[in-house]
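Student: I'm new to this one and would like to go through it piece by piece. Can you put it up?

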Amino acid sequence: MTIRTRLALQFAAILAFTLMLFSLVIYFVTAHSRRESFTDNLFARARIVAHVYLDGTNRDEASRASYRRYLAQFYRTLPEEEARVYDAHNKLVFWEGQKSQQPVPSLLLRQVRASGREVQLSDDFRQSVGLLYRDARRGDFVVVASSVDIDSREKLRNLRVILLSGLLISFIIVGIGGWFFAGLALRPMQRVVREVDSITASDLHRRLSQADGQDEVSLLAQRFNSLLNRLETAFAGQRTFVRDASHELRTPLTALMGELEVALLQERSPAEYRRVLQSTLDAARMLTALTNGLLQIARASDDPSQVPLKPVRFDELLLQAHEEVQRRHPTCRIDLEFGDPAPGRESAPYTVLGNEALLLSAVLNVMENACKFSKDSQQPVTAVLTSLRDYVRLEVSDHGMGMSEDDRQQVFVPFFRAETVRDVPGHGIGLPLTAKIMSLHSGAIQVESQLGAGTKVSLRMPALRV
């Protein structure tokens, strides 16, 4: 079932229930009002009959005959009306109107004498009322008046026909109107669906046109446009990454193939073959390092929910990275400095929540870059680990060649190499990988550098609450 059909049916059902409830209220209130009005009329008739009967019995025969003619004319004003008067011994002493053969129940007479007023309803709109009339000279009389409320029966029948017809017509109008207005309300959604269907991977620059309002469809279009922005950025980054990775992989492969082809052109001496094998091994190592870096970037770009995280001692991680860098670069001097823990964090000052392997790779990249780019400097590389209240910060500073401001703004682009470090071995994936790892851990990385004055890289991660 479509949303349009469901909305139309729901709107029709709600309105149908409301109209039916309203119609029932109108019908029963009208019926009750007419019944009360008819009951009051019958009581008025009973009181008049009581007055006429008592006055008539106190006159001569001619006066009583005149009263009877008056009553006969009076009774014809209500359909099938009759009136009966019973004395103190429940004996019928007066009877006018329709001569019904059905006697008045004795229970009704007793209830009237006990309560002074009683109403008895019967089927087919016939209503009977009893009234106790007290007379000081002749005693108490019970006056019973009954009649059929034909007018109410006809009026209520007409009211039922009107209400049912109105309900039926209303259902038809509401169904058609609900279908039409539901279509109008969903028309922007249909336009959004058509526009989404027309967007392919080759034209992710397109955006939905329904994002300029404040309704739910506009909010949905805005969110979808935001998703398209992220997808376009991801696709562009993926294309750039694949292009740059292909270029970087082609260089060592070309060198490797060239060495082998040259070696196979003619017979070589063992020393020459040894040189070729050594060159091939160096190229293979370069390919391995590049491949590992690309795999690490792919891993760091994963969904954070898929990366296992656990408490990690950042100080121990720094010592481990220091040992590995010293093994790779024995001539590089790295001074470590650990700051005092922040108040309240003495028990675990440098503990963070993260992936140990990825964080170790990030620290290694930063420290190894500092060693490589300050190779000719006589001053040591410094690594300062600070424990603050809400985060842990590592600052790695060198006094190497540094970089220009334009180059500094490009250091997080994969495979970017600054002009001053083109002759230093590397692939330009260390800092981009570190930035992705920091983003994965809700951390941040900041690079400050001046050409010829060195570089400082700051890593900051949220501290684990203890």
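Student: Which exposed residues does the face of H7 turned away from its buried side carry?

Tutor: That face carries Glu 323 and Arg 327. Exposed means over 50% relative accessible area, buried means under 20%, and partly exposed is in between, with a 1.4 Å probe and protein chains only. Keep in mind that this is a predicted model, where local features need pLDDT of at least 70, side-chain atom pairs count only at pLDDT 80 or more, and totals for chains, interfaces and linings use all residues. Residues are numbered from 1 along each chain as its sequence is written, and side-chain values use heavy atoms, with hydrogens and water left out.

Student: And which residues in H7 are buried?

Tutor: Phe 314, Asp 315, Leu 317, Leu 318, Ala 321, His 322 and Val 325 are buried in H7. Seen down the axis of H7, these buried residues fall within an arc of 150°, so they line one face of the helix. The arc is that of the directions from the helix axis to the C-beta atoms.

Student: How many residues has H7, and what does it reach from its first C-alpha to its last?

Tutor: H7 covers residues 314-328, which is 15 residues, and it reaches 21 Å, close to the 21 Å expected at 1.5 Å a residue. The expected span is 1.5 Å times one less than the number of residues in the helix. Helices (H or I, at least four residues) and strands (E, at least two) are DSSP runs, numbered from the N terminus.

Student: OK, on to the core. Which residues have the most contacts inside the largest nonpolar core?

Tutor: Phe 314, Val 363, Met 367, Leu 394, Val 396, Met 438 and Leu 459, in a core of 40 residues. A nonpolar core is a set of buried Ala, Val, Leu, Ile, Met, Phe, Trp, Tyr and Cys residues joined through side-chain atoms within 4.5 Å. Several elements each supply at least two residues of this core, including H7, helix H8 (356-373) and strand S10 (391-398).

Student: Which gives the most?

Tutor: H8, with 10 residues. H8 is also mostly covered, as 14 of its 18 residues are buried.

Student: What is Val 363 in contact with?

Tutor: Leaving aside neighbours within four places in sequence, Val 363 is in contact with Phe 314, Leu 318, Ala 321, Leu 394 and Leu 459. Contact means heavy atoms within 4.5 Å. Apart from this core lies another, of 17 residues, among them Tyr 53, Val 85, Val 143 and Ala 145.

Student: Tell me about Val 143, then. Buried or exposed?

Tutor: Val 143 is buried, with a relative accessible area of 1%. Its place is in strand S5.

Student: What joins S4 to S5?

Tutor: 10 bridges join S4 to S5 (residues 139-148), and the two strands run antiparallel. Strands pair if DSSP finds at least two bridges between them. The bridge partner of Leu 132 in S5 is Val 142. In S4 (residues 126-135), 7 of the 10 residues are buried, so S4 is largely enclosed by the rest of the structure.

Student: New topic. How many aromatic pairs are there?

Tutor: The count comes to 2. Rings of Phe, Tyr and Trp (its six-membered ring) pair if their centres lie within 6.5 Å; planes under 30 degrees apart count as stacked, over 60 as edge-to-face and the rest as tilted. Tyr 27 and Phe 28 form an edge-to-face pair, 5.5 Å centre to centre with 85° between the planes. Tyr 27 counts as buried at 16% relative accessibility, whereas Phe 28 is exposed at 54%.

Student: And what about Phe 338 and Tyr 350?

Tutor: They are also edge-to-face, at 6.2 Å centre to centre and 65° between the planes. Phe 338 is in strand S7 (residues 334-338), and Tyr 350 is in the loop between S7 and strand S8 (351-354), 12 residues apart. Phe 338 counts as partly exposed at 36% relative accessibility, and Tyr 350 as buried at 6%.

Student: Last one: how many helices and strands does the protein have?

Tutor: It comes to 10 helices and 12 strands. Of its 466 residues, 37% count as buried.
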